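Hi,

Here is the structure I said I would pass on. Have a look at it first, and then read my notes below.

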There are 2 protein chains.
Amino acid sequence: MVNVAILGFGVVGSGAAQVLADNAAVIEKNLGERVAVKRILDLREFEGSPFGHLVTHDFNDILSDPDISVVAEMMGGSHPAYDFTKACLAAGKHVVTSNKEVVARFGAELLELAAANGVRYLFEASVGGGIPVIRPMVNDLASNEIVRVDGILNGTTNYILTRMITAGATFAEALAEAQAKGYAEANPAADVEGLDAARKIVILAALSFGTLLSPDNIYCEGITGLTLADVAVAKALGCSVKLIGHTEKVQGRVLAMVSPRLVPLTNPLSGISDVFNGILVDANMVGEVMFYGAGAGKLPTASAVVADIIDIVAHKAQKNVRAPKFEVAKDTDYADFADYACKSCFAFEAVDGAAEKIAAVFGEVETVSADGRIAFIGDMMTEKEADEKIAACGLTLVSRIRVL
Amino acid sequence: MVNVAILGFGVVGSGAAQVLADNAAVIEKNLGERVAVKRILDLREFEGSPFGHLVTHDFNDILSDPDISVVAEMMGGSHPAYDFTKACLAAGKHVVTSNKEVVARFGAELLELAAANGVRYLFEASVGGGIPVIRPMVNDLASNEIVRVDGILNGTTNYILTRMITAGATFAEALAEAQAKGYAEANPAADVEGLDAARKIVILAALSFGTLLSPDNIYCEGITGLTLADVAVAKALGCSVKLIGHTEKVQGRVLAMVSPRLVPLTNPLSGISDVFNGILVDANMVGEVMFYGAGAGKLPTASAVVADIIDIVAHKAQKNVRAPKFEVAKDTDYADFADYACKSCFAFEAVDGAAEKIAAVFGEVETVSADGRIAFIGDMMTEKEADEKIAACGLTLVSRIRVL
């Protein structure tokens, strides 16, 4: 019997308690051992809940309990989640988490602290909700060099974009729908401005290349500027529009970024709709593999948290279980964004002579027209080259969306 | 340093040697230990190969070598692959394999033998080539009950269907193309008649429900009977056509089957094209997750074989590593196929009065017409009910394709 403590009895925390209770039989069958929740830390009381009697308001009830060997942190936010995690690891308790903010900001230190104390720090639920992606990257792709990762990492924005594409809703209308359905928060900034996705791509970049960038120091563009004219242009060019977290190495240094992208319909990410997430990993031996599923939600995310707990219990007799190592990025570890190269869809005001000016600077490109704009997908070029060409062609840029 | 032997130096076997050599540095970094190929068993000589000097024609050179702790079996076929696997496990050597035939037929016995000898038998590469699916199902979904699995499990048939759908090629033309590209063998029966997919869905069913059915005893329908009229009907109904391996429980017993399916365009499997594979798993907590990638090919499949080797090396100090258990199915473990329920697309000859006869038996359904046939998707019904209704409506059935 393994005793677990839950930190934070919100959506995911209560989901984890439910998964452990409802699926107790299958978990015990898979593991050969029972896993039970012993204590739950939360500021609130939960009198109606079957787990209400386990609630404590004092973290020390958990930290000082030698029977609790695994702590599941699902509080969200940096503090006190980070501080509690450090205390648990230092006390020789394993920690699992769904908290992408803590992993993205403090993952390097916490993995090192776990290793130093002979325990594990697992965070499958921090990226892609219930989708198995972190453990498969660590274990199943261990025979590969990761080349690049592209992910639809935020369900709220994917729902909004799906409604803009399939129902012709404006950004504001689709956001209101998402809020009405509970997919978006009253203050949706972290989702629609890309910060949530930025935290997740920073974690995937660290898994891929060993370097933990700061989510504050990467290029991050949300979807608030996208219009139905952008969607119309995308459709005319045979593409969907998605908010994509992307990481690759540029001149030997790590690039991570978040931005809207035109995704060709031949790319498996193009068909991922509604609140679903997908992570496409390109690795040097296996090629492209994709992991798809519910990127958020109570039980899916809890499923991933409990998978981490099971992983810990299954290996509790083993010393030095293999774990990823993250190095905190120095300034010189960040790629220069000006050197990053991709294709882009450029849309300019469709004034007289626009086609000729575009051809003079961008070469022979196939253009489409929509809503007073003339748009096209240019050749692969660096950010620096793109800025230079935009300036050189002497037209008013209406929008530029990178292409996956 | 861990020494590995390779059994069978064909496409996958030589790929595994290449992955271990080309990615030696990343593997050593991920594992903290070197992995090297010490011997290769094959009947042929490989004089031009950098691995030629490792080749032996005598299995005992491997079996009796105490330095070889892991054997990678990539021979294909049941014999002698099964016999060699048994001998290695009995001698206390771990075995990894890409051989779906051996896993589907003898997996229960071999997993038991491995456990009895304190070693492991891993087979990630036996389903979905390089796609991580078996380890994620065992580890990441361990907190879930598996409800059902649907998979595009054969790249050859998916290529043929993609060409029929996108290029209007007939089955015969698309098969000839697949053969010209090396995707299909000169004798394509195992692919196009569904046997390859049957072996794989039997393995996925055993992972899901613990019961290993025989691939010879499940319903297996290939794609040889599919026509461009079927494709036209599917398109008119907003669907793609895919060869799908499916498993679920029916009245408490295990059903596994292979058949063509209409796949609605909203289903993530519908967009999987060419030789790619995808496995969609429905589990009771996480919901639907999908794993996608190259389902065959030298380096992708070898990537999965080497991932299994890495898994073994990473856990070599641990006793009793958690492993799936398969029970060989008794007759009473098989679901009665007559009780299996799904939706189907029925196509009848479009004679006078056909619509009325269809309405009388199948109720109000929306019909489409193509190529002298009248087709529609009926309500969910069991196989038995479907057969009864087909007989009752007194029309000539041209085709029936189940719907995912």
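**What I found**

One of the pairs to look for is A:Leu7, whose bridge partner in strand 2 of chain A is A:Leu41. Do keep in mind that this is a predicted model.

Those two strands belong to an open sheet of 6 strands in chain A, with parallel pairing and the order 3-2-1-4-5-6. At its edges you'll find strand 3 (55-56) and strand 6 (121-122) of chain A; each has a single partner strand, so one side of each has no neighbour in the sheet.

Next, a residue in a helix. A:Ala206 sits in helix 10 (residues 195-209) of chain A. Is A:Ala206 buried or exposed? It counts as buried, because 26 other C-beta atoms lie within 10 Å of A:Ala206 and 20 or more is what buried takes. Leaving aside residues up to four places away in sequence, A:Ala206 touches A:Gly107, A:Thr211, A:Leu212 and A:Phe326. Of these, A:Gly107 is 99 residues away from A:Ala206 in sequence, yet their C-alpha atoms are 9.2 Å apart in space.

Now for the two chains together. Chain B superposes on chain A by a rotation of 180° with 0.0 Å of shift along the axis, at an RMSD of 0.0 Å. That is how a two-fold axis relates two copies. Which residue of chain B comes closest to the rotation axis? That is B:Phe291, with its C-alpha at 2.5 Å.

As for where the chains touch, 43 residues from chain B and 43 residues from chain A take part in the contact. On the chain B side, the elements that give two or more residues are helix 2 (24-31), helix 6 (134-140), strand 13 (287-294) and helix 12 (298-314). Helix 12 of chain B gives the largest share of that side, 9 residues. By type, the chain B side divides into 24 nonpolar, 12 polar and 7 charged residues. The copies meet through the same surface, because 100% of the interface residues of chain B are also interface residues in chain A.

Strand 13 is worth a look in both chains. Strand 13 (residues 287-294) of chain A and strand 13 of chain B run antiparallel and are joined by 3 bridges. To find the spot, go to A:Met290, whose bridge partner in strand 13 of chain B is B:Tyr292.

Cheers

Conventions. Residues numbered from 1 in each chain as written. Chains lettered and ligands numbered in written order. Predicted model: local features only at pLDDT ≥ 70, side-chain atom pairs only at ≥ 80, totals over all residues. Least-squares fit on C-alpha atoms with pLDDT ≥ 70 in both. Contact = placed C-beta atoms within 7 Å. Helix = DSSP H or I, 4+ residues; strand = E, 2+ residues; numbered from the N terminus. Buried ≥ 20, exposed ≤ 12 C-beta atoms within 10 Å, placed from the backbone. Nonpolar A, V, L, I, M, F, W, Y, C, P; charged D, E, K, R; others polar. Pairing = 2+ DSSP bridges.
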